[in-house]
Amino acid sequence: MASEELTHRLQRRLRLGEGPGGGQGDLQPAGLAAPAGEPQPEIPGRAPAASADAELSAQLSRRLDINEGAARPRRRSRVFNPYTEFPEFSRRLIKDLESVFKRYDAGRDGFIDLMELKLMMEKLGAPQTHLGLKSMIKEVDEDFDGKLSFREFLLIFHKAAAGELREDSGLLALAKLSEINVALEGVKGAKDFFEAKAQALSSSSKFEAELKAEQEERKREEEERRLRRAAFKELKAAFST
């Protein structure tokens, strides 16, 4: 096992470090001296060895924690795409949830930390204790950094829709009080957000339809702006004459 191999490596490193001269005394056989007049080779210090020991010890500890279930393996870094990872949410809903997330991300660092979550819950009318806030974050904190990323924020609503949150959970209160009218947003045409999981539509065709609707809405807004500019120019010309 990897943990056993790390253990052997660490023990061997420590044994070498305990030898005379920091493990360097047995590199040159006894009785063989360097020729006269030649510079003596410098023996490296023990700082790099100590650093390596600490690194191996940290790796060994984490490996043991993972094996015992006390820690999760680190997720490989990848680009997060909310539309593919949460296909049950419409584009409109994801955009609205992103707006809510950014509203409470006071630090503009892409995360909602404990103090920002505290302020959010107070504004939603469901204040939590310090331990309650930590428990809320821990419930969806996949990378154990003690704060909510946008993916973890979406995960709250995913769990709420799937019925995976306890009735007394602060996260369920957050999902219910976030002023997201899912009936109007259309999560797969569901009448209510917490019935979204019961609906089934083609995600690809739905995505294309929403994208087309957004493009048409932008065209309509651009046409309205053009008409307003033309009317303004006409009005300005009338006053100039």
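Pro-82 lies in helix α3 (residues 82–85); helices here are DSSP runs of H or I with at least four residues, numbered from the N terminus. The structure is a predicted model, in which local features need pLDDT of at least 70, side-chain atom pairs count only at pLDDT 80 or more, and totals for chains, interfaces and linings use all residues. Residues are numbered from 1 along each chain as its sequence is written, and side-chain values use heavy atoms, with hydrogens and water left out.

Pro-82 has 13% relative accessibility and therefore counts as buried (under 20% relative accessible area, with a 1.4 Å probe and protein chains only). Beyond its neighbours within four places in sequence, Pro-82 is in contact with Ile-94, Phe-150 and Leu-154, where contact means heavy atoms within 4.5 Å. The C-alpha atoms of Pro-82 and Phe-150 are separated by 8.9 Å, although these residues are 68 apart along the chain.

The axes of helix α5 (residues 114–123) and helix α6 (residues 130–140) come within 10 Å and cross at roughly 105°. The two helices are therefore roughly perpendicular to each other (65 to 115 degrees). Leu-114, Leu-117, Lys-118 and Met-121 of α5 make this contact with His-130, Leu-133, Lys-134, Met-136 and Ile-137 of α6.

Most residues other than glycine have a negative phi.

| Residue | Phi | Place | Relative accessibility |

Notes: Axes are lines fitted to C-alpha atoms, for helices over the stretch in contact, and angles run from 0 to 180 degrees between N-to-C directions. Angles under 35 degrees count as roughly parallel, over 145 as roughly antiparallel, 65 to 115 as roughly perpendicular and the rest as oblique. Buried means under 20% relative accessible area, exposed over 50%, partly exposed in between (1.4 Å probe, protein chains only).
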